[in-house]
Amino acid sequence: MTVSVGDAAPEFSLRDQDKQVVSLAGLRGAPVLVVFFPFAFSGTCTGELCQLRDELATYTGAGVQVVAVSTDPTFSLKAFRQAEGLTFPLLSDFWPHGAAAQAYGVFNERAGMALRGTFLIDAEGTVVFTEVNEVGDPRPQSGWKAAVAQLPAAA
């Protein structure tokens, strides 16, 4: 079952591209945009994450922390981050395989990968925006930006 607006965001602790543990609890206190993607180096995923890289100031300027999550191992994510000049953390949901994606309801069991799920979580840990697209269905990021614009201003 997919996580819905108003739900408490499922917690996760995942290793980033540098094998450092990043947890949702550790990000609490500021809004977080969690972007699940199927695979590093695939065409659609590369396009989406490069657009996110190019428009990152839209999110960070609003005080939003951005993390991207896939079932790729940390080594692949590190190479992908370096190749594309990505500056936000890439989190590995490799083992237990897809556990975070499953918790958010965006794991494709048959293919062993995450769907294109996007979740904006407020500073208190409540989901305030969701979008789930199938693997071959690229996400327009206009909905993400509109949701960020609706967040209360930081005090």
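**View 1. Thr 71, a buried residue in a loop.** Thr 71 is buried, with a relative accessible area of 4%; here, buried means under 20% relative accessible area, exposed over 50% and partly exposed in between (1.4 Å probe, protein chains only). Thr 71 sits in the loop that links strand 4 (65-70) to helix 4 (74-84). Helices (H or I, at least four residues) and strands (E, at least two) are DSSP runs, numbered from the N terminus. A polar atom of the Thr 71 side chain lies 3.4 Å from the backbone oxygen of Gly 112. Leaving aside residues up to four places away in sequence, Thr 71 touches residues including Pro 38, Phe 39, Asp 93 and Met 113, where contact means heavy atoms within 4.5 Å.

A word on the model: it is predicted, so local features need pLDDT of at least 70 and side-chain atom pairs count only at pLDDT 80 or more, while totals for chains, interfaces and linings use all residues. Residues are numbered from 1 along each chain as its sequence is written, and side-chain values use heavy atoms, with hydrogens and water left out.

**View 2. Gln 17, in the loop between strand 1 (13-16) and strand 2 (21-23).** Gln 17 is buried, with a relative accessible area of 6%. Its side chain makes a polar contact with the side chain of Asp 18 (3.2 Å). Such a contact is a pair of N or O atoms within 3.5 Å; within protein, one must be able to donate a hydrogen and the other to accept it, and residues adjacent in sequence count only if both atoms are side-chain atoms. The backbone nitrogen of Leu 90 is 2.9 Å from a polar atom of the Gln 17 side chain.

View 3. Strand 4 and strand 5 (residues 90-92) pair in the parallel sense over 3 bridges. Val 69 has Leu 91 in strand 5 as its bridge partner.

**View 4. Helix 6 (residues 142-149) and its buried residues.** Which residues of helix 6 are buried? They are Trp 144, Ala 147 and Val 148. These residues pack against strand 3 (32-36), helix 2 (43-54), helix 3 (56-60), strand 8 (116-121) and strand 9 (127-133). The face turned away from the buried side of helix 6 carries the exposed residues Ser 142 and Ala 149.

Definitions and conventions:
Two strands pair if DSSP finds at least two bridges between them.
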